[in-house]
Amino acid sequence: WADVIMTAQDYASFPETAVIPEADSYPEDVIKWLQPTISAQSDDPIIINEANRLMEMTGGNDSPAFIRTMLDSITSIKWGQPKGCDAINMLHNGGACTSHANLGAALCRVVGIPARVIANYPVWNVPFQTHYIIEAWIDGCGWVPVETSMNRFPQDSFRQVYVSVVTIQDEQDSFDEDRNAAGGVPKWSLNERDVKSGVINIG
């Protein structure tokens, strides 16, 4: 076993509102998190329509307000076991934490909020098993954790131990057949293995 030292992120100064800037104003290493992938299909008309609907409900060009509206919507979708954990499957059929994260990332990307999927070990889950949330880029704050399964924003930093930031390529490879995981689960982010079979769990 190992000790993990964690510090609490202070969100006391987190802004109530923050304008969603033009895409070309983002830092170079952030703008890539606006692109669609096979698991976060932000270019699909179904996802685009849903994002636009949520933006209308938000009532303005405000990233924290959009994220809160989005969380209310996706956390109301039933949990289920669809054939894939991608955003579209989540929207239609429900899903697990991976599905929530993929849908949250896709919806944010549609409206111009960079979002990346995060693999982590939540401190409330014993034994540790990979859990997925997202980080959204808030202008003036940087990357802010968003608990897409439990409707927490900003998510307290002490609630999870980060395993990895899921790369765009890992999202694109999330339906590869040469692995033991449900489609939509990022390719290289799962670390735990089933004790009996030695294969990767789906998280």
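This is a predicted model: local features need pLDDT of at least 70, side-chain atom pairs count only at pLDDT 80 or more; totals for chains, interfaces and linings use all residues.
Q: How many bridges join S1 to strand S2?
A: S2 spans residues 131–138 and runs antiparallel to S1. Within this pairing, Val117 stands opposite Ile134 in S2. The number of bridges that join S1 to S2 is six.

Q: Which residue in S4 is the bridge partner of Asn120?
A: S1 and S4 also pair in the antiparallel sense, over five bridges. Asn120 has its bridge partner in S4, and that partner is Tyr162.

Q: Is strand S1 largely enclosed by the rest of the structure or exposed?
A: On one side of S1, Ala115, Val117, Ala119 and Tyr121 are all buried. Because eight of the eight residues of S1 (residues 115–122) are buried, the strand is largely enclosed by the rest of the structure.

Q: Which element gives the most residues to the largest nonpolar core?
A: The largest nonpolar core has 46 residues, and those with the most contacts inside it are Phe66, Ile67, Met70 and Leu107. The elements that give two or more residues to this core are helix H2 (45–58), helix H3 (63–74), helix H4 (87–93), H5, S1, S2 and S3. With seven residues, the element that gives the most is H5.

Q: Which residues does Met70 touch, not counting residues up to four places away in sequence?
A: Met70 is one of the residues with the most contacts inside the largest nonpolar core. Not counting residues up to four places away in sequence, Met70 touches Leu54, Gly104, Leu107 and Cys108.

Q: Is Cys108 buried or exposed?
A: A residue counts as buried when its relative accessible area is under 20%. Cys141 has a relative accessible area of 36% and is therefore partly exposed. A search of the whole structure finds zero disulfides. Because its relative accessibility is 0%, Cys108 counts as buried.

Q: How far apart in space are Val166 and Ile118, C-alpha to C-alpha?
A: Val166 is found in the loop between strand S4 (160–165) and helix H6 (168–172). At 1% relative accessibility, Val166 counts as buried. Val166 and Ile118 are 48 residues apart in sequence, while their C-alpha to C-alpha distance in space is 5.7 Å.

Q: Is Ser42 buried or exposed?
A: Ser42 lies in the loop between helix H1 (28–31) and H2. Leaving aside neighbours within four places in sequence, Ser42 is in contact with several residues, including Leu34, Ile47, Ala106 and Val110. Because its relative accessibility is 9%, Ser42 counts as buried.

Terms used: Residues are numbered from 1 along each chain as its sequence is written. Side-chain values use heavy atoms; hydrogens and water are left out. Helices (H or I, at least four residues) and strands (E, at least two) are DSSP runs, numbered from the N terminus. Buried means under 20% relative accessible area, exposed over 50%, partly exposed in between (1.4 Å probe, protein chains only). A disulfide is a pair of cysteine sulfur atoms within 2.5 Å. Two strands pair if DSSP finds at least two bridges between them. A nonpolar core is a set of buried Ala, Val, Leu, Ile, Met, Phe, Trp, Tyr and Cys residues joined through side-chain atoms within 4.5 Å. Contact means heavy atoms within 4.5 Å.
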